[in-house]
Amino acid sequence: MNKYHLELRGVSKEYAGFVAVESVDLKVARGEFLVLLGPSGSGKTTILSMMGGFTVPTTGHMYIDGHDVTETTPAHRPTATVFQDYALFPHMSVLQNVSFGLTMRKVSKPLRHQRAETALETMGLSGLGDREIHQLSGGQRQRVALARAIAVEPEVLLLDEPLGALDQKIRRQMQVELVRLQKTLGVTFVHVTHDQEEAMSIADNIALINKGRIEDYGPPDRIYLRPATLFAATFMGDSNIFSGEVVGNQADWVEIKTQTGNLRIAGSQEIGTSVHIMLRPEQIKVGSSESSDTFSMGVVRIVDVTFQGTHRLCRALGGADETVEFLLRLPPEHAVSPSDCLSIYALMSDVVLLTR
Amino acid sequence: MAMNLRTMPTVVYLLAVLVFIYSPVVVLVLFSFQDGLLPVPPFNGPSLQWYQKMWGNERLMDALINSVLVALGSGIVSTFLGFLAAYGLARNQSRFTSSIRFLLMSPLTVSYLIIGVGLLITLNLIGIPKSLFAIGIGHVVINLPLCFAIVFSQFGDHLRNIEWAARDLGAGDFEVFFLVIAPIMRPALLAAFCLSATLSWDEFIVAFLLSRFEVTLPVIIFEMLRAGLTPEVNAASTMVFAISMTMVGLAAAFIISRRGK
């Protein structure tokens, strides 16, 4: 058995005068939940479409279980796709939709019926088999689309923004269900979304796509806490990003001059390199820096406060002449109001040095 | 029903427009029931004698059958070809798509007389004699752009995804067409068929230019008119009109049923 279930090697897709996907390498382990995350137009859907066999790459190869499937048609791939608009057959009942793939595979009628019912049951749709598609709610249609895809027992399930059209509450619920489904079936999932919160809550690994390339790849916590690039840092939620310049270096640390003072962090860079440093809002703490592994960021003045239940999101100004903007996430019990002044500090080890 | 001063002019105007549009037809239908030799006032009371005479008119009945054959045949062929063109164009988007679409639809604006004369010359060149078959070809030429336009308007991205989903689940070309596309497109296909069959049924100029011995209803009505005005012409015309309205009504019903979903 191959180590990787699904593998893309140097896959590109060009349309007349425009590169949608540029030499993407990607390895997906068997039973992994991979999320392709990126802004709209980043090429993530094109990558999924190539995985499903609907789009043929201009260059590069694609392997499933070690077999080259670059030119294989969708019908002959062990993949099944759940489309963004669900693409249900409007003239068929729910049961006919779900058993369509089995009918095409010439599965005998009793067996087909049984497997379709099992798929419906898995998706919590027992007893809805006789319904017409137009009688269903958006959430139910989504489940039918999933049931139809899993009924053919694919090895790889491809999901193209499947939760995009659902309202917030059902979305949350479906995210949990998708993870549960994936763990139960043990099937490899590749899920496309532009919602970073959704990606973080469901993914084993996230491939962050930007302008047709993989910007960052790894587990959600790593990408959130230690993003590889400036784009990754800004795309994955709120952040404080300060520009700075390397003013000193030693074997394993660099000294960086920023608008809020100098700091030393692990890393190695040439003197004079301009860099960015990043801190998540919750990593900035109120108080004075008293230990050697923290550093002070001076005094900031609160500009506005939004109470969000689990925390208070504050915008503040600091640095020389109050020209640097900070985003803080204070605990809910810490009451602050605009124009309050606070001393802030952060852990050296929380700082992320971004050079790209 | 409360009618106030504001809606009154609107209603009067509507009635005036309806009278303007429908009075010729109403007069035609009315005098098909004339009890007398001439379809002119005064109206001498209802009688079915001219309908009876019409049913006995062998040449007219032959023309009726011919018209039905041409309408059904050209309707089916136009719908099928229009569907294929629409399907092909919708599936293969390129920078020529809109130009091809324009080319396919622009014959809608060309006069039937010009198409008829053109067909007369072309069919003569390639050796197809004037016949019902020739009329059928003519009607396909006229109606194909319309069928294309109706069917093409119903192809969207969502249908592409539905087709992809079917292929993903293992359906081949045959299954995609018969189990998925055709059933979903059925209302549009039926509407296209009803409209093109109606237009063929009503069509005079091309049928007149391309017929010799076997003629269609509009052509024979024209011949009867030349022989003289009788209520029998009204009766035949009434029949043509009634069938046209039924077909158009069906087409509208199919289009509306599509929107309802």
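Chain B of this predicted model has a mean pLDDT of 86, and 97% of its residues reach 70 or more.

| Element of chain B | Residues | Mean pLDDT |
|---|---|---|
| Helix H2, the lowest | 49–56 | 79 |
| Helix H6, the highest | 132–152 | 92 |

Where pLDDT is low, the predicted coordinates should not be read in detail. For the complex, the predictor gives an ipTM of 0.82 and a pTM of 0.79.

**Where the chains meet**

Chain A brings 18 residues to the contact, and chain B brings 15 residues. On the side of chain B that touches chain A, helix H7 (157–168) and helix H8 (173–202) of chain B each supply at least two residues. H7(B) gives the largest share of that side, seven residues. By type, the residues on this side of chain B are eight nonpolar, three polar and four charged.

**The sheet in chain A**

Chain A holds an open sheet of six strands. Their order is S6-S7-S8-S3-S9-S10, and the pairing is mixed. Strand S6 (79–82) and strand S10 (213–218) of chain A stand at the edges. Each has a single partner strand, so one side of each is left without a neighbour in the sheet. From one strand to the next, the twist averages 20°.

One pairing within this sheet joins strand S3 (residues 33–37) and strand S8 (residues 188–193) of chain A. These two strands run in the parallel sense, with five bridges between them. A:Leu37 has A:Thr193 as its bridge partner in S8(A).

Terms used: Residues are numbered from 1 along each chain as its sequence is written. Chains are lettered from A and ligands numbered from 1 in the order in which they are written. This is a predicted model: local features need pLDDT of at least 70, side-chain atom pairs count only at pLDDT 80 or more; totals for chains, interfaces and linings use all residues. Two residues are in contact if their C-beta atoms, placed from the backbone, lie within 7 Å. Helices (H or I, at least four residues) and strands (E, at least two) are DSSP runs, numbered from the N terminus. Ala, Val, Leu, Ile, Met, Phe, Trp, Tyr, Cys and Pro count as nonpolar, Asp, Glu, Lys and Arg as charged, and the others, Gly among them, as polar. pLDDT is the predictor's confidence in each residue, from 0 to 100. Two strands pair if DSSP finds at least two bridges between them. Axes are lines fitted to C-alpha atoms, for helices over the stretch in contact, and angles run from 0 to 180 degrees between N-to-C directions.
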